[in-house]
Amino acid sequence: MLTSIGVRDLKMQKLLYLQTDSSSVDSDVIGMSMVENGEINLPPDDPNEWPYANVLEAMNDGWRVVKFPELSLLYQDPFNTSLGCEFILEQ
C-alpha cells in the first residue's frame, strides 16, 4: 500500500560525477557535476573552488563509488585523449 509522503520527507540520492585523467582514485579531477535535490549542479568555473581535487577526497567525505571508469573504452581509440575516466559516486 502506498502512502502519501511529502517530498521533504524523502531522502533523495545524490550523485557525483568526477572525470579524471587516469583510472587512479588519487588522479586529479578535470571535470565534475553533481545531482542533488533532483537538479544538476555544475561546479564553479575555477577548479580551485571545486569541493574535491580527486576521487579519494570524495570517498573520505562519505561518497561511495558506484561506477568505476570503463577502461575498455579508453583503449578502443588511443588518440582520443578528451575522453578521460569517469567515476560516479553516490550518497
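Strands β1 and β5 (residues 85-90) run antiparallel and are joined by six bridges, where a strand is a DSSP run of E of at least two residues, numbered from the N terminus, and two strands count as paired if DSSP finds at least two bridges between them. The structure is a predicted model, in which local features need pLDDT of at least 70 and side-chain atom pairs count only at pLDDT 80 or more, while totals for chains, interfaces and linings use all residues. Residues are numbered from 1 along each chain as its sequence is written, and side-chain values use heavy atoms, with hydrogens and water left out.

On the side of β2, Thr20 stands opposite Val29. Strand β2 (residues 29-36) pairs with β1 in the antiparallel sense over six bridges, and β2 also pairs antiparallel with β3 (residues 39-41), over three bridges.

| Strands | Sense | Bridges |
|---|---|---|
| β1 and β5 | antiparallel | six |
| β1 and β2 | antiparallel | six |
| β2 and β3 | antiparallel | three |

Strands β2 and β3 form a hairpin with two residues between them, and Asn37 in the turn has a positive phi of about 55°. In β3, Ile40 is the bridge partner of Val35.

Taken together, five strands form an open sheet in the order β3-β2-β1-β5-β4, with antiparallel pairing. Its edge strands are β3 and β4 (64-67), each of which pairs on one side only. From one strand to the next the twist averages 30°, with axes taken as lines fitted to C-alpha atoms and angles running from 0 to 180 degrees between N-to-C directions.

Thr20 is buried, with a relative accessible area of 0%, where buried means under 20%, exposed over 50% and partly exposed in between, for a 1.4 Å probe and protein chains only. Leaving aside neighbours within four places in sequence, Thr20 is in contact with Ser27, Asp28, Val29, Ile30, Val55, Gly84, Cys85 and Phe87, contact meaning heavy atoms within 4.5 Å. The side chain of Thr20 also reaches the backbone oxygen of Ser22 at 2.5 Å.

Technical notes
A polar contact is a pair of N or O atoms within 3.5 Å; within protein, one must be able to donate a hydrogen and the other to accept it, and residues adjacent in sequence count only if both atoms are side-chain atoms. Helices (H or I, at least four residues) and strands (E, at least two) are DSSP runs, numbered from the N terminus.
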